[in-house]
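Open your viewer and switch to a cartoon view.

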Amino acid sequence: MGSCHVLHFSPTGGVLKAATALARGMAEARGCELEFWDLTRRQMMPPVFADGDVALLAGPVFGGRMPALMGERLRDTVQTGGKPVPAAVLAVYGNRAYEDALLELADWAGAGCGFRVLAGVTALAEHSMCRSVAAGRPDAADEAQLEDFGRKIAAKMQQPHAEVPGLPGNRPYRQWTPMPVTPVTTGVCIACGRCVMRCPTGAITIGKPEEIDPARCILCMRCVSICPVQARSLPEAAQKAIAQKLAPVAQVHRQNELFL
Ligand SMILES: Cc1cc2nc3c(=O)[nH]c(=O)nc-3n(C[C@H](O)[C@H](O)[C@H](O)COP(=O)(O)O)c2cc1C
Ligand code: SF4
Ligand code: SF4
């Protein structure tokens, strides 16, 4: 019966891992197929929604918000065409806080794209700027819990008069400005071009991978995480500042949450 469309923005894979577990539960309970749509791609075919389809929109928390680029890509490529497709939203964060991100994603999905948002989930993943924070998450226990959340969401989507849930967060959303830095490249770079191809914004110069346009870089950490020879990192001062900021939450074991 229909498809479960997973619309994800996952620069370093944490969002995708959590979204896959949640969607697996949804799809299993509905007996439907999964279809994945990668919003980090610079060009993406727009999904077409049929009767009986449902959706999961999943993104990472950046500064207590969702990445603005994800909002632009949703606005430009994803519309339900007047069908009130039932949807869940998922905000994945690195153990600090998610603040207004889940609410912002729900607003994009509902008022922006036309989905009927019936559930919200927040989940933990390794902090992509400091991978020792929430290391290994989502782990097997997280994945099992997210699958269970998915089954509960699917059951709610079956109810004809299901109500839209209240979600945590505030409007206007909190202000956030990213650190004014870009990743740096060392001499071990083998010029394989992987980072150039897969940068969500095209910020890295073709043929000169050490050159990053600071106006286009959203500091998503994709290039750092996919480099096969670990030639990229955040500047050392930025790494230190982030580790210091995250130190108070580094040992806390936060829980995934379901809002139905
Ligand atoms: C620029 C940036 C800002 C972030 N801000 C937050 C934050 O405000 N709160 C938090 O808990 N995690 C924060 N994180 C961590 C990410 O939300 C987390 O690692 C997430 O899993 C990243 O998704 P990905 O693995 O799919 O790339 C931030 C990461 C980046 C790169
Ligand atoms: S992915 Fe790494 S090795 Fe390949 S071009 Fe980029 S920085 Fe160089
Ligand atoms: S250059 Fe910036 S935007 Fe591009 S992949 Fe690297 S961190 Fe992300």
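This is a predicted model: local features need pLDDT of at least 70, side-chain atom pairs count only at pLDDT 80 or more; totals for chains, interfaces and linings use all residues.

**Stop 1: the main core.** Start by selecting Ala18, Leu22, Leu56, Ala87, Val89 and Leu90, the residues with the most contacts inside the largest nonpolar core, which has 61 residues. Now colour the elements that each supply at least two of its residues: strands 1 (3-8), 3 (54-60), 4 (86-93) and 5 (116-124), together with helices 1 (14-30), 2 (68-77), 3 (101-112) and 4 (140-158). Helix 1 gives the largest share of this core, with 9 residues.

Stay with Leu22 and show its neighbours. Leaving aside residues up to four places away in sequence, Leu22 touches Leu56, Leu90, Val121, Leu146, Phe149 and Gly150.

**Stop 2: two cis peptide bonds.** Zoom in on Arg137 and Pro138, joined by a cis peptide bond with omega of about 0°. Pro138 sits in the loop between strand 5 and helix 4. Then go to the bond from Arg171 to Pro172, also cis, with omega near -5°; Pro172 is in the loop between helix 4 and strand 6 (184-185).

**Stop 3: positive phi.** Click Asn95, in the loop between strand 4 and helix 3. Asn95 is not a glycine, yet has a positive phi of about 80°. Is Asn95 buried or exposed? Asn95 is buried, because 20 other C-beta atoms lie within 10 Å.

Finish at Met221, in the loop between strand 8 (208-212) and helix 6 (222-226). Met221, not a glycine either, has a positive phi of about 80°. With 19 other C-beta atoms within 10 Å, Met221 is partly exposed.

Methods: Residues are numbered from 1 along each chain as its sequence is written. Chains are lettered from A and ligands numbered from 1 in the order in which they are written. A nonpolar core is a set of buried Ala, Val, Leu, Ile, Met, Phe, Trp, Tyr and Cys residues joined through C-beta atoms within 7 Å. A residue is buried if 20 or more other C-beta atoms lie within 10 Å of its own, exposed if 12 or fewer, and partly exposed in between; C-beta atoms are placed from the backbone. Helices (H or I, at least four residues) and strands (E, at least two) are DSSP runs, numbered from the N terminus. Two residues are in contact if their C-beta atoms, placed from the backbone, lie within 7 Å.
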